[in-house]
Amino acid sequence: MLITIPDVLSSDQVAHARKLLDAAEWIDGKVTAGTQSARVKDNMQIPEGSPAAREIGEMILAALSKNPVFLAAALPSRIFPPLFNRYSGGQSFGTHVDNAIRQFPNAPVRIRTDLSATLFFAGQDEYDGGELCIEDTYGVKMVKLPPGHLVLYPSTSLHHVTPVTRGARICSFFWLQSMIRDDGHRSLLFDLDLAIQRLGHELAGNPVAEKTAVQITGVYHNLLRQWAEI
Ligand code: NI
């Protein structure tokens with residue numbers, strides 16, 4: 001399942017982050033690439049754990065912890081500290097798959113990457129190219145979102161970033177381990193959750209319908225209980 005989530009960060013938060021990002025030290029992005037992806041990766045990154053990365057990363061994680069669509073879609077267990085990249089002057093990232101396991105920087109914690117996320121910081125009119133292209137069984141989806149918006153997609157998918165031919169594309173990217181390992185199971189739970197929320201708005205004053213909604217909510221939680229790894 002691929003989902004875009006608007007306005008994860010406010011315009012004030014994006015503006016503050018942009019100031020920090022524009023003043024930050026940028027290094028070759030190959031530092032976090034595996035052997036295969038290092039061959040096709042051509043971008044810049046902020047060093048892991050640098051003050052700017054930590055401050056903006058914490059802002060992103062705080063926003064996500066209060067975002068109901070993100071929580072329902074991802075059912076996150078552990079989220080990797082957000083990283084930051086910049087593409088300009090024709091830079092791109094060729095087709096690759098993200099590493100399955102990620103070691104946290106400076107902590108004895110590893111995650112299985114179930115979902116990959118990209119949060120956009122540059123305006124769509126600030127640069128040409130830089131589309132994130134994600135291959136799934138339905139074909140290729142091209143994603144380029146306004147500042148503060150986020151795309152979440154299965155880490156199992158092949159993906160690439162097209163060359164940035166004007167301006168600079170600035171994004172945060174990170175991975176997460178979900179309580180629900182299987183993408184199909186996670187999609188079913190998200191659909192069920194959305195349906196329950198929609199029903200909840202319509203049922204007031206109808207006792208039979210309200211009881212049915214409680215029963216369906218029970219099914220959601222019991223499926224979660226069956227499938228979740230905590
Ligand atoms: Ni990737």
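Q: Is Trp175 buried or exposed, and at what relative accessibility?
A: This is a predicted model, in which local features need pLDDT of at least 70 and side-chain atom pairs count only at pLDDT 80 or more, while totals for chains, interfaces and linings use all residues. Residues are numbered from 1 along each chain as its sequence is written, and side-chain values use heavy atoms, with hydrogens and water left out. Buried means under 20% relative accessible area, exposed over 50% and partly exposed in between, with a 1.4 Å probe and protein chains only. Trp175 therefore counts as buried, at a relative accessibility of 4%.

Q: Which residue forms an aromatic pair with Trp175?
A: Rings of Phe, Tyr and Trp (its six-membered ring) pair if their centres lie within 6.5 Å, and planes under 30 degrees apart count as stacked, over 60 as edge-to-face and the rest as tilted. In the edge-to-face pair that includes Trp175, the centres are 5.7 Å apart with 90° between the planes, and the partner is Phe173.

Q: Which charged residue lies over the face of Trp175?
A: A charge sits over a ring if NZ of Lys or CZ of Arg is within 6 Å of the ring centre and within 35 degrees of the ring normal. At 4.1 Å from the ring centre of Trp175, the residue that lies over its face is Arg102.

Q: Which residues coordinate the nickel ion?
A: Donors are N, O and S atoms within 2.8 Å of the metal (3.2 Å for Na, K and Ca), and water is not among the atoms, so sites may look incomplete. The donors follow the spacing H-x1-D-x60-H along the chain. At 2.1 Å, the nickel ion is coordinated through NE2, OD and NE2, respectively, by His96, Asp98 and His159.

Q: What is the volume of the largest cavity?
A: On a 1 Å grid over the protein atoms alone, a cavity is a set of points where a 1.4 Å probe fits but cannot get out, and lining residues have an atom within 4 Å of a point. Grid points are joined across faces, edges and corners, and a volume is the space filled by probe spheres set on the points. The search of the whole structure finds one cavity of 30 Å³ or more, and the volume of the largest cavity is about 270 Å³.

Q: Which residues that line the largest cavity are the closest to its centre?
A: The lining of the largest cavity has 27 residues. The closest to the centre are Phe93, His96, Asp98, His159 and Phe173.

Key:
1 Å grid on protein atoms, 1.4 Å probe; cavity = no way out; pocket = protein on both sides within 12 Å on 5 of 7 lines; lining within 4 Å.
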